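The following exercises are meant to be worked through with the sequence and the model side by side.

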Amino acid sequence: MVTSVLVMAAFWGFIAVEKGTDLLQGIDIYIFALIVIFGGIAIYNAFKKDKEEKMGLKTEDELSDLIKYKSGYHAFLISMYMWLFIFIFKDKFPNTETMLGGGILMSALIFYITKLVVKRKLNEE
């Protein structure tokens, strides 16, 4: 994990040297913030899963599989509509790379939100 963080820092350093001081402008700030948030969530989940394994608990069971499949299904359906709106409003994006990167990050955000909603609905029943 430390190696991946160092590689990513080197990558960002290389981009900063290439582009100069105009690295983060407009929608790029939001995309960078989403990347940092998703990275933090992934690191937290990895530490949580590792702690549960050390305690001798099962990290995967039928209910967690059901939650993943159900939230993935709903996220896929919602993402289709999101991509439709992205292509309708494609003129609002500065370039295609930003449009594609933002769409992928939004799909991941939709998955996390649907996972939280599915977990909450299962706990209420």
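**Exercise 1.** Is serine 79 buried or exposed, and what is its relative accessible area?

Solution. This is a predicted model, in which local features need pLDDT of at least 70, side-chain atom pairs count only at pLDDT 80 or more, and totals for chains, interfaces and linings use all residues. Residues are numbered from 1 along each chain as its sequence is written, and side-chain values use heavy atoms, with hydrogens and water left out. Begin with the cut-offs: buried means under 20% relative accessible area, exposed over 50%, and partly exposed in between, with a 1.4 Å probe and protein chains only. Serine 79 has a relative accessible area of 8% and is therefore buried. Finally, list its contacts (heavy atoms within 4.5 Å): leaving aside residues up to four places away in sequence, serine 79 touches Ser107 and Ile110.

**Exercise 2.** Describe helix α3 and identify what its buried residues pack against.

Solution. Helix α3 covers residues 62–88, 27 residues in total, and its first and last C-alpha atoms are 39 Å apart, close to the 39 Å expected at 1.5 Å a residue; the expected span is 1.5 Å times one less than the number of residues. Its buried residues include Ile67, Ala75, Met82, Trp83 and Ile86. The buried residues of α3 pack against α4, residues 96–124.

**Exercise 3.** Determine how α3 and α4 are oriented to each other.

Solution. The two helices pack at an angle of about 140°, with their axes 7 Å apart; axes are lines fitted to C-alpha atoms, for helices over the stretch in contact, and angles run from 0 to 180 degrees between N-to-C directions. Angles under 35 degrees count as roughly parallel, over 145 as roughly antiparallel, 65 to 115 as roughly perpendicular and the rest as oblique, so α3 and α4 are oblique to each other.

**Exercise 4.** Classify leucine 100 by accessibility, and relate its position to that of isoleucine 86.

Solution. Leucine 100 lies in helix α4, and because its relative accessibility is 47%, leucine 100 counts as partly exposed. Between leucine 100 and isoleucine 86 there are 14 residues of sequence separation and 9.1 Å in space, C-alpha to C-alpha.

Conventions
Helix = DSSP H or I, 4+ residues; strand = E, 2+ residues; numbered from the N terminus.
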